[in-house]
Amino acid sequence: FHSLKLLWLEPAKSIMKVMAFFRLDLDVLHLPCVLGTDNPVSKFVCSLSVYPVVLGCLLLAILAARISKRHVDVNAVFNLNGGILVTMFISLTLLVLRPFDCQLNPDGSEFLVMSPG
């Protein structure tokens, strides 16, 4: 629904802002302020790195459990990773295809929808 050119009213407007995080739109986090640049490539790479960061946090939690001598079921870890991938599949697919979404300018040239500047 984020691509629809509609004037959203409250509470739908707030819900759409929260849902932007789930479609891996890191502009919600004001990424250019953190990175110091508004480069579309860096935003794209940071968005793509969300899953590896989540996987790293999962592996750190497993490592912490092993260090504290707690039993970690390997099948449960694989199931959890699979659940995370199933949850993020559509968002990751749309994210990978976002650089190919172009529109025409009035002069006939094209521009990227994700970076119209």
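Helix α4 (residues 50–67) and helix α5 (residues 74–97) have axes that come within 11 Å and cross at roughly 165 degrees. That angle makes α4 roughly antiparallel to α5 (over 145 degrees counts as roughly antiparallel). This is a predicted model, in which local features need pLDDT of at least 70, side-chain atom pairs count only at pLDDT 80 or more, and totals for chains, interfaces and linings use all residues. Residues are numbered from 1 along each chain as its sequence is written, and side-chain values use heavy atoms, leaving out hydrogens and water.

**The α4 and α5 pair**
- The crossing of α4 and α5 is right-handed (the near helix is turned clockwise from the far one by less than a right angle).
- From α4, the residues V50, Y51, V54, L55, L58, I62 and R66 meet V74, V77, L80, N81, I84, L85, M88 and L92 of α5 (contact means heavy atoms within 4.5 Å).
- By class, the residues of this contact are 13 nonpolar, 1 polar and 1 charged.

**The fold along the sequence**
- The protein chain holds 5 helices and 2 strands (DSSP runs of H or I, at least four residues, and of E, at least two).
- Their pattern along the sequence reads α-α-α-α-α-β-β.

**The whole chain**
- Of the 117 residues in the protein chain, 17% are buried (under 20% relative accessible area, with a 1.4 Å probe).
- Accessible surface for the protein chain comes to about 9,000 Å², and 70% of that belongs to carbon and sulfur atoms (Shrake-Rupley method, 1.4 Å probe).
- Among contacts between residues at least 6 apart in sequence, 38% join residues at least 24 apart.

Definitions and conventions. Buried means under 20% relative accessible area, exposed over 50%, partly exposed in between (1.4 Å probe, protein chains only). Axes are lines fitted to C-alpha atoms, for helices over the stretch in contact, and angles run from 0 to 180 degrees between N-to-C directions. Angles under 35 degrees count as roughly parallel, over 145 as roughly antiparallel, 65 to 115 as roughly perpendicular and the rest as oblique. Ala, Val, Leu, Ile, Met, Phe, Trp, Tyr, Cys and Pro count as nonpolar, Asp, Glu, Lys and Arg as charged, and the others, Gly among them, as polar.
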